[in-house]
Amino acid sequence: MSDLHLARLAARDERAFETLVRTHAPQVHRLAASLVGPGAADDIVQEVFIAAHRALKGFRGEASLSTWLHRITLNACHRALGARQAVPLEDTPEPHAPHDPARAGERAQVRERLARALAQLPPDQREAVALRELSGLDYAEIAALTGAELGTVKSRINRGRAALRALLTRAGVTP
């Protein structure tokens with residue numbers, strides 16, 4: 001089912017809207033958690049899908065549904081951050097790893113260090129890196145979402161990755 005068809009269906013059918021939420025909520029949550037922290041991400045996700053539900057009738061399909069939801073997410077995150085300064089990112093829940101608990105602990109430590117390093121990036125770099133690495137958007141999609149020039153997006157991601165590499169190396173993580 002196409003994004004446009006799903007959006008039109010979801011605008012008038014609760015089951016279709018639930019499908020839309022189940023499909024897109026994980027990416028929305030990852031992006032929100034990377035920008036405002038895991039503690040505030042649940043509230044952002046709820047806000048995003050309330051706003052999306054209200055605006056679905058106006059969705060024209062000029063951008064993909066996921067790109068449209070990312071824009072709503074970025075706006076919600078910017079509003080949430082507007083009232084406060086940088087928010088430290090906390091450790092995200094570690095997935096269940098019954099096969100090797102020791103490795104699960106190591107991954108949790110790496111994830112915590114990565115979250116701390118990501119939180120130290122300037123907001124424009126953190127946003128660009130999160131959209132690229134966590135949401136999997138390509139450079140052109142990020143440029144369209146953020147309103148930045150393509151070269152600026154590439155530069156922000158490059159500088160953000162370099163800064164993350166340096167921060168992680170100092171924290172004892174080999175990227």
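A search of the whole structure finds 1 aromatic pair. The rings of phenylalanine 59 and tryptophan 68 have centres 5.0 Å apart and planes at 50°, so this pair is classed as tilted. Phenylalanine 59 and tryptophan 68 are both buried. The model is predicted, with a mean pLDDT of 82 for the chain.

**Overall architecture**

- The chain contains 8 helices and 0 strands, and its elements follow the order α-α-α-α-α-α-α-α from the N terminus.
- Of the 175 residues in the chain, 39% are buried.
- Contacts between residues at least 6 apart in sequence include a 64% share that joins residues at least 24 apart.

**Confidence**

- A pLDDT of 70 or more is reached by 84% of the residues in the chain.
- Helix α8 (residues 150–170) has the highest confidence, at a mean of 92, whereas helix α5 (residues 101–120) has the lowest, at a mean of 73.
- Over residues 85–97 the pLDDT stays under 50; for this stretch the model has 30 contacts beyond four places in sequence.

**Helix α3 and its packing**

- Helix α3 spans residues 38–55, a run of 18 residues.
- From its first C-alpha to its last, helix α3 reaches 26 Å, close to the 26 Å expected at 1.5 Å a residue.
- The buried residues of α3 are Pro38, Ala40, Ala41, Ile44, Val45, Val48, Phe49 and Ala52.
- An α-helix has 3.6 residues a turn, so residues three or four places apart point the same way.
- The packing partners of the buried residues in α3 are α2 (14–36) and α4 (65–82).

**Serine 34 in helix α2**

- Serine 34 belongs to helix α2.
- Serine 34 has a relative accessible area of 3%, and it therefore counts as buried, the cut-off being under 20%.
- A polar atom of the serine 34 side chain lies 2.7 Å from the backbone oxygen of leucine 31.
- Serine 34 and cysteine 77 are separated by 43 residues in sequence, while their C-alpha atoms are 9.8 Å apart in space.

- Arginine 156 lies in helix α8, the helix with the highest confidence in the chain.
- The side chains of arginine 156 and aspartate 124 make a polar contact at 3.3 Å.
- Beyond its neighbours within four places in sequence, arginine 156 is in contact with Asp124, Gln125, Ala128, Val129 and Ala148.
- Glutamine 125, one of these contacts of arginine 156, is placed in helix α6 (residues 123–134).
- Glutamine 125 is buried because its relative accessible area is 9%, again with the cut-off at under 20%.
- Leaving out residues up to four places away in sequence, glutamine 125 touches Arg156, Arg159, Gly160 and Ala163.

Definitions and conventions
Residues numbered from 1 in each chain as written. Predicted model: local features only at pLDDT ≥ 70, side-chain atom pairs only at ≥ 80, totals over all residues. Heavy atoms only, no water. Helix = DSSP H or I, 4+ residues; strand = E, 2+ residues; numbered from the N terminus. Expected span 1.5 Å × (residues − 1). Buried < 20%, exposed > 50% of the residue type's maximum accessible area, 1.4 Å probe, protein only. Contact = heavy atoms within 4.5 Å. pLDDT = per-residue confidence, 0-100. Polar contact = N/O pair within 3.5 Å; in protein donor to acceptor, adjacent residues only side chain to side chain. Phe/Tyr/Trp six-rings, centres within 6.5 Å; stacked < 30°, edge-to-face > 60°.
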